[in-house]
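I would ask you to keep the sequence and the model in view while I talk.

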Amino acid sequence: MPDRIDPPEDSKLTRAKRQWARMGRLLTGATADPQTDRLPPGQRLVRDWPVLDLGQQPEVTPQRFRLDIDGAVARPISLSLAEFMALPQQDCISDIHCVTQWSRYDNAWTGVAARTLLDLVEPHAEAAHVMLHAFDGYATNVRLDQFAAPGVLLAHSWQGELLTAEHGGPVRAVIPRLYFWKSAKWIRRIELTVADRPGFWERNGYHNNADPWAEERYS
Ligand SMILES: Nc1nc2c(c(=O)[nH]1)N[C@H]1C(S)=C(S)[C@@H](COP(=O)(O)O)O[C@H]1N2
Ligand SMILES: [Mo]
């Protein structure tokens with residue numbers, strides 16, 4: 001049975017965001033409560049799965065694939081595809097929310113939980129951020145606690161089939177509670193850092209945090 005991803009926990013942050021929403025601080029002026037509003041403000045549902053990227057899809061053969069996990073960690077590792085596939089597997093069903101306003105419900109992903117990889121490398125106590133680097137040169141930053149959250153996967157399959165190249169195969173990140181640009185396709189390296197650095201879209205006007213329920217689309 002796949003784990004169902006529940007909406008984000010109640011927290012000081014989400015309570016603050018709801019307060020901001022009530023004050024009309026969202027771009028749409030709509031209120032959004034991740035506890036009860038499955039569809040974030042300003043989003044519309046689609047049934048197909050659009051392809052979005054920088055337009056240069058790298059050819060990542062199983063031979064060429066390599067996943068390095070390094071930076072502010074005690075035990076850096078570098079995995080072949082076979083070594084990655086031999087790690088404990090997890091199924092997760094989650095929703096996609098793209099900043100270009102489409103959302104897609106109930107995507108069944110299979111892969112290795114980010115938590116499992118973090119346990120292998122043992123992050124330093126000061127590590128607080130993650131930079132995801134991809135084979136096409138794309139990079140995106142995410143807070144370590146958000147990367148370590150339940151439901152975050154390094155996925156190789158979608159709906160029971162291996163990920164196609166256009167959707168980031170052989171392995172992509174899936175970070176369900178953030179806008180989809182944080183979910184790097186063709187993942188190559190997971191770099192843990194002490195300080196935060198902006199990734200590709202984050203240097204180009206996108207929001208650093210990317211919480212869909214707070215409509216953190218642009219900086
Ligand atoms: N490596 C890489 N990952 C990427 C991108 C990219 O250009 N390169 N684009 C991001 C953006 S903006 C989105 S919306 C999603 C799209 O994923 P999809 O094409 O599977 O729908 O991938 C994200 N991950
Ligand atoms: Mo996107």
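Predicted model: local features only at pLDDT ≥ 70, side-chain atom pairs only at ≥ 80, totals over all residues.

Let us begin with the ligand. Which residues are the closest to ligand 1? Of the 20 residues that surround ligand 1, the closest are Pro50, Asp136, His167, Arg172 and Lys185. Three of these names return when we turn to individual atoms. An oxygen atom of ligand 1 is 2.6 Å from an N or O atom in the side chain of Lys185. For the side chain of His167, the distance from an oxygen atom of the ligand to an N or O atom is 2.7 Å, and for the side chain of Arg172 the corresponding distance is 2.7 Å. How much of ligand 1 does the protein bury? Taken alone, ligand 1 exposes 530 Å², and the protein buries 98% of that area. The space that ligand 1 takes is the second largest pocket.

I now turn to the aromatic rings. A pair of such rings is described by the distance between the centres and the angle between the planes. In the whole structure, a search finds 11 aromatic pairs. Why is the pair of Trp49 and Trp109 called edge-to-face? The planes of the two rings stand at 80°, with the centres 5.6 Å apart, and therefore the pair is edge-to-face. This pair links distant parts of the chain, 60 residues apart: Trp49 belongs to the loop between β2 and β3, whereas Trp109 belongs to strand β6.

Strand β6 also contains Asp106. Phi of Asp106 is near 60°, a positive value in a residue other than glycine.

Pro170 lies in the loop between β10 and β11.

Thank you for your attention.

Note on methods: Residues numbered from 1 in each chain as written. Chains lettered and ligands numbered in written order. Heavy atoms only, no water. Near = heavy atom within 4 Å. Polar contact = N/O pair within 3.5 Å; in protein donor to acceptor, adjacent residues only side chain to side chain. Areas by Shrake-Rupley, 256 points an atom, 1.4 Å probe, with all protein chains shown as cover. 1 Å grid on protein atoms, 1.4 Å probe; cavity = no way out; pocket = protein on both sides within 12 Å on 5 of 7 lines; lining within 4 Å. Sits in = over half its atoms within 2 Å of the grid points. Phe/Tyr/Trp six-rings, centres within 6.5 Å; stacked < 30°, edge-to-face > 60°. Helix = DSSP H or I, 4+ residues; strand = E, 2+ residues; numbered from the N terminus.
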